[in-house]
Structures are given as C-alpha cells and as structure tokens.
Amino acid sequence: MDKIGVVEGRRQEGLPVPKRPPDGTPVWMAIDISRSKAVYCLRWDGREQRRLSTPLGIEHVRAVVEHYRGCQLHVAYEACGFGYELAWWLQEHGVAARVIAPSRVERAPGLQVKTDRVDVGKLARKLEKGDLKAIYIPSRTVHEQRQIGRTYAQSLKERKRAQVRIRSLMQEQGRLGPLPAAGWKVYSAWLSVQNLPEPVRLCVQVHEQLRGVADQQAKRMNAELYQLAHSAAYRPLVKALSAQSGVGWQSAIRLVLELGTMERFRTTAALPHYLGLTPSQYSSGEVDHRGHTLKCGPGFLRALLLQCAWSAVRQGGDPGLHDRFATLAPRIGRKRAIVAVARKLAIKLRGRWRTHVLSNEPASALAV
C-alpha cells in the first residue's frame with residue numbers, strides 16, 4: 001500500500017501531537033468528507049487531542065483507525081454522496097459507526113465561518129455529548145437492490161419528460177392535439193397522421209426515440225422488481241403488504257427495499273412523520289396552529305404512498321380509508337384529504353408489517 005499522506009493540524013499550529021491513549025479509553029472521532037480529502041478530529045479525556053487530514057479513501061481511514069485499535073473508538077461522519085462504504089467497513093471491523101444527516105446538525109445563529117476544520121470539530125463535540133441522531137444504514141445487499149426501484153422511477157420520469165417535450169414542440173407549431181387526460185396512445189395516434197415540416201418531423205423523431213429507450217428501460221426494471229418481489233426473501237412480506245387495498249406488489253417491494261426494517265419506527269406516528277405526511281405545528285399556551293405538511297424524508301416514497309392512497313380511495317376496498325376521504329374532502333378539499341388518507345394508510349402498512357414480523361418470530365424470541 002502506498003504511503004499515507006497525513007497533515008497534522010496541531011503540528012501546523014506549533015502544538016505537540018499527543019500520544020496514543022491507553023487501551024480501553026473512549027475515543028470520539030469525527031470525519032468531514034469532501035471530494036478530495038477527509039478531515040479528522042479526535043477527542044478523549046474531555047478535550048480535542050488531535051486533528052489531521054488525509055486524501056479521501058478507505059485505505060487512509062483504515063490507517064487512522066488501526067492506530068487506535070484497542071480503544072473504544074466511536075466514529076461519525078455526515079452523510080454525503082459517497083454511499084455507505086465507509087460505514088460498512090467500520091462495522092465489519094467492530095467500530096461503532098454513525099452516519100449523520102447534515103440537516104440534523106444544529107448550526108449557531110449568525111455563524112459566518114464554515115470550514116472543514118470548524119465542521120469536524122463541532123461534529124466531534126456533539127458526538128461525545130451524544131447529541132447526534134444517526135440515520136439508518138442499510139445492508140449492502142438491500143442498498144444494491146433498492147437501486148432497481150430508484151432506476152425504475154427515473155426511467156418513468158424520463159419517459160414522461162420526453163412526452164412533455166413532444167407536446168410542447170407540437171404546441172409551438174400551433175398543433176394542440178388531444179389533452180393529456182386522453183393518454184399517450186391517443187396522442188401518439190394523432191401525432192402519426194400529422195403532416196409536419198422536415199425539421200419539425202426530425203425533432204419529433206428524436207424525442208420519440210428517447211421516449212422509446214426510457215420505456216424499454218422502465219419495462220426492464222419492472223421485470224427485475226417482479227422477480228425480486230417473488231423471491232423467497234421478500235415474497236411473504238410483499239404478500240402481507242399488498243393485501244392492503246391500494247397497494248400492489250410493485251409498491252410493496254419498493255417500500256420494503258426503501259424502509260428496510262420497521263423496527264426503525266417504534267411509534268405509530270413515526271412512519272408518517274418520516275415520510276413528511278405530518279402537519280407542522282406551533283403551539284404555545286392557548287395557541288395551537290397547524291400548518292402544511294413537513295415534506296421531510298424521501299419525496300419519492302411520499303409520492304408513492306399518495307398514489308397508493310388515491311388507488312385505495314378509487315377501489316373502495318378499505319371502507320375506513322374511503323370514508324375518511326369522503327368525510328374530509330368536502331370540508332378541506334381533495335388534495336388535503338388525500339394526504340390524511342395517505343397518513344392513515346402508512347399507519348395501516350406499519351401494522352401489517354409488524355404483524356408479519358411478529359408472526360414469523362420464533363416462540364423463544366416472543367417470550368423474551
């Protein structure tokens with residue numbers, strides 16, 4: 001392995017670099033990761049002891065971690081666009097690893113200085129105090145499989161984008177065609193009989209080819225999701241969730257892959273809150289104001305659950321969801337009513353998931 005390039009912050013400031021603490025000493029390490037380097041801050045005995053930086057790479061992190069082998073090492077870093085490779089490596093080597101959402105790290109009002117050094121020092125102090133809330137770290141297998149559902153959603157988005165571009169192009173040429181509510185097949189049939197100038201026809205063909213590629217990729221990803229949903233690992237849970245009105249096998253497998261485990265949501269309101277379906281609230285004394293939904297968490301999961309809620313209302317298979325929508329829609333409007341239905345649907349799915357897990361646990365585990 002190549003020589004690790006380490007830059008000691010304390011040495012640059014003219015301060016002595018502390019020696020390694022005795023074995024068994026709790027050591028709190030925070031890492032600020034960027035595209036080119038990783039900055040570390042280590043604390044023990046109640047104060048900052050060491051600050052350094054290395055080029056970005058797991059081999060460099062491994063060299064720093066190995067130096068503190070034998071200590072009670074706790075590592076935290078902010079979630080970034082480099083995946084969970086570092087967290088998985090740390091867990092495999094018995095190191096307590098926490099991945100922190102940047103939005104959950106408090107920032108002092110009026111703070112004008114933001115550097116890697118400031119950020120990593122603040123992260124290390126909060127880690128030592130226990131003020132950081134870690135995000136869920138999926139297993140490597142689940143993380144790889146959930147990419148199928150995300151790519152499927154991206155393919156659908158690209159297909160719709162190509163359709164919108166074709167409609168916009170034809171509208172610029174003064175040809176409106178059937179409304180979007182009529183569906184793409186009707187519009188495509190109308191488009192095929194249009195006598196277009198050569199430049200416009202060429203542009204339409206390009207967009208149609210882009211739409212065709214996106215449609216093929218969406219069908220391919222849908223087939224992969226089908227195989228995954230009917231595999232031995234996911235079939236029982238997908239069947240339990242899809243028994244709920246409005247939820248099909250495709251929505252069920254995407255929810256399973258994205259949520260991972262229902263143990264993350266210990267209360268009834270935890271899952272709707274994670275999906276951003278809980279209304280904002282400001283209460284003080286006699287004042288109790290409810291605002292718009294929080295819209296936090298993964299937006300594509302929230303959109304997926306709203307689609308399931310609309311399907312449940314139209315199908316009418318669940319009288320509770322249908323009656324709730326019928327009661328709220330005349331008073332607060334259809335859009336707000338469907339959010340309330342989606343919130344109730346999330347609670348029902350959580351209950352089905354937990355029932356499935358408890359029914360498949362061994363009797364010894366239930367007794368404990």
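This is a predicted model: local features need pLDDT of at least 70, side-chain atom pairs count only at pLDDT 80 or more; totals for chains, interfaces and linings use all residues.

Residues are numbered from 1 along each chain as its sequence is written, and side-chain values use heavy atoms, with hydrogens and water left out.

**Nonpolar cores**

A nonpolar core is here a set of buried Ala, Val, Leu, Ile, Met, Phe, Trp, Tyr and Cys residues joined through side-chain atoms within 4.5 Å, where buried means under 20% relative accessible area, exposed over 50%, and partly exposed in between, with a 1.4 Å probe and protein chains only. The largest such core holds 45 residues, and Tyr234 and Leu345 are the members that touch the most others. Helices H5 (140-172), H7 (198-229), H8 (235-242), H9 (249-259), H11 (299-315), H12 (319-332) and H13 (334-359) each supply at least two residues of this core, and H13 gives the most, with 10 residues; helices (H or I, at least four residues) and strands (E, at least two) are DSSP runs, numbered from the N terminus. Leaving aside residues up to four places away in sequence, Leu345 touches Gln244, Ser245, Val247, Leu305, Cys308, Ala309 and Leu321, a contact being heavy atoms within 4.5 Å.

**Strand pairing**

Strand S3 (residues 37-44) has seven of its eight residues buried, so it is largely enclosed by the rest of the structure. Two strands count as paired if DSSP finds at least two bridges between them. S3 runs antiparallel to strand S2 (residues 26-33), to which six bridges join it, and Met29 has Leu42 in S3 as its bridge partner. These two strands, S2 and S3, form a hairpin with three residues between them. S3 is also joined by eight bridges to strand S4 (residues 47-55), again in an antiparallel arrangement, and there the bridge partner of Ala38 is Thr54 in S4. The hairpin of S3 and S4 has two residues between the strands, and in it Asp45 takes a positive phi near 60°.

**The largest pocket**

On a 1 Å grid over the protein atoms alone, a pocket is an open set of points where a 1.4 Å probe fits, with protein on both sides within 12 Å along at least five of seven lines, and lining residues have an atom within 4 Å of a point. The largest pocket is lined by 22 residues, of which Arg104, Ile135, Tyr136, Arg264 and Tyr274 lie nearest its centre. H5, helix H10 (270-274) and H11 each supply at least two residues of this lining, and H10 gives the most, with three residues.

| Residue | Relative accessibility | Class |
|---|---|---|
| His356 | 17% | buried |
| Gly299 | 35% | partly exposed |
| Asn360 | 54% | exposed |

His356 has its place in helix H13 and, not counting residues up to four places away in sequence, touches Pro236, Leu237 and Ala240. Gly299 is in helix H11, and its C-alpha atom is separated by 24 Å from that of Ala243, 56 residues apart along the chain. Asn360 lies in the loop between H13 and helix H14 (363-367).
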